[in-house]
Amino acid sequence: MKFKVQQIADILEGTVVGDPNIEVNKLSKIEEGSTGSLSFLSNPKYTSYLYSTKASAVIVNENFVAENEVSSTLIKVKDSYKAFSKLLEFYQAAKLNKNGVEQPSFIHDSVNYKDDLYLGAFSYVAENVKIGNNVKIFSNVHISENVTIGDNCVIYSGAKIMSESVIGNHVIINSGCVIGADGFGFSPNDDGSYSKVPQIGNVIIEDYVDIGALTTIDRATLGSTIIRKGVKLDNQIQVAHNVEIGENTVIASQTGIAGSTKIGKNCRIGGQVGVAGHLTIGDNVGIQAQSGIGRNIKSNSNIQGSPAFDYGDWNRSYVNFKNLPKIEKRITQLEKNHA
C-alpha cells in the first residue's frame, strides 16, 4: 500500500515540511530507513540519525528545529510518538481490511456468518459454527463443530479452535494456537498403565482477550476452562483443563498452569513460571519470572523463587546466599582461631 505524505499528515493532523507528494509504502526505524519508508523521531538520543537516514519521510515534534540539513520530508505533529502509534493502528487496520471467502476452503452449509466475513484459503469451518460481525479468519485455520465466535475477532493462520469453544468479542488468536484440545486427564490402572479420562467440557474466552502464538488452552473435563475479559497471554503458554484466569491478568511466555487452578484479576505473571494444580491465586498478585507456585497465594502479594515466597524476603535471602562462600570462610577461620 502506498500513501502520499500529505495523506498521512492529514490522518495525523500534522504539517508537511518538504514535498507533500512523496509516496511511502513501509514503516521503519529511523536508523534503518530506506527510500519509500516512513519513520519517526521522539527520543532526542536518535536525533543524529535524522541527518543521515534514507527514510523518505520522518514524523517529528512540532517544536523540532533542525540544526543541519535534512533530506527527508518532515511531518510535524504535537507528539511524534503518539502520532506514530496512531499510524501503526491505521496500518494494522488497513492490513486487516479484507472480506470474502477465499478458495479453496470449506465452510459448512449450517454455519451462521455475516457478509463481511474474511475466510482465508485452506481454512475449514465445521457444522453449527456461529461467527459474528467483522471477523477475520486467515489461511489454514481449523474451526470444529458448535464453536461460537463473537464480533471483531481476528484468528491468524494455523490456529485450531476445537468443538464447543466460545470466543467473545474483540479477541485476537495468533498463529498456531490450539483452543479446546483435550485436557491432560488419565487414571492409573493396576498394571501401571493409564486410561484416558474423557474431557467433555469446553473453553470460554471472554471479550478483549489476546492470545499469543502457539499458546494452548485445554478444554475442561467437566464445565469450562475460562479466560476472563481483558486477559493478555504471551506466546507458548500452557493453560490446563478447568483453569480460570481473572480479568486483565497478563502472563508472559512459557508459563504453565496446571489443572483446576484459579488465578485472580489484575495479576502479572512473568515468563517460565510453573503453577501447580488446584490452587487459588488472589487478585493483584505479581509473580516474578521462573518462579514455582505450589501453594495458594493471597491477593496483593509479590513473590519470587521456587518454591516462591515474598519478593522482598527473596531479595534479602539472595544476598545471603550470594555471600555464603565468604561466610563459610569466616566461620572456618573463627573455628581455627577458637581451636
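Does tyrosine 124 count as buried, partly exposed or exposed, and at what relative accessibility? In this predicted model, tyrosine 124 has a relative accessibility of 34% and therefore counts as partly exposed.

1. Aromatic pairs. The count of aromatic pairs comes to 8. One of them joins phenylalanine 106 and tyrosine 124 in a stacked arrangement, with 5.0 Å centre to centre and 20° between the planes. Phenylalanine 106 belongs to strand 9 (residues 106-107) and tyrosine 124 to strand 11 (residues 124-125), so the pair ties together parts that are 18 residues apart in sequence. Phenylalanine 106, at 36% relative accessibility, is likewise partly exposed.

2. An edge-to-face pair. Tyrosine 118 and phenylalanine 138 pair edge-to-face, at 5.4 Å centre to centre and 70° between the planes. Because tyrosine 118 lies in strand 10 (residues 118-119) and phenylalanine 138 in the loop between strand 13 (136-137) and strand 14 (142-143), this pair ties together parts 20 residues apart in sequence. Both residues are buried.

3. Helix 3. This helix (residues 80-95) has 16 residues and reaches 22 Å from its first C-alpha to its last, close to the 22 Å expected. Its buried residues are Ser80, Ala83, Phe84 and Leu87. The face turned away from the buried side carries the exposed residues Tyr81, Lys82 and Glu89.

4. The elements covering its buried residues include helix 1 (5-12), strand 5 (37-40) and strand 7 (73-77).

Note on methods:
Residues are numbered from 1 along each chain as its sequence is written. This is a predicted model: local features need pLDDT of at least 70, side-chain atom pairs count only at pLDDT 80 or more; totals for chains, interfaces and linings use all residues. Side-chain values use heavy atoms; hydrogens and water are left out. Helices (H or I, at least four residues) and strands (E, at least two) are DSSP runs, numbered from the N terminus. The expected span of a helix is 1.5 Å times one less than its number of residues. Buried means under 20% relative accessible area, exposed over 50%, partly exposed in between (1.4 Å probe, protein chains only). Contact means heavy atoms within 4.5 Å. Rings of Phe, Tyr and Trp (its six-membered ring) pair if their centres lie within 6.5 Å; planes under 30 degrees apart count as stacked, over 60 as edge-to-face and the rest as tilted.
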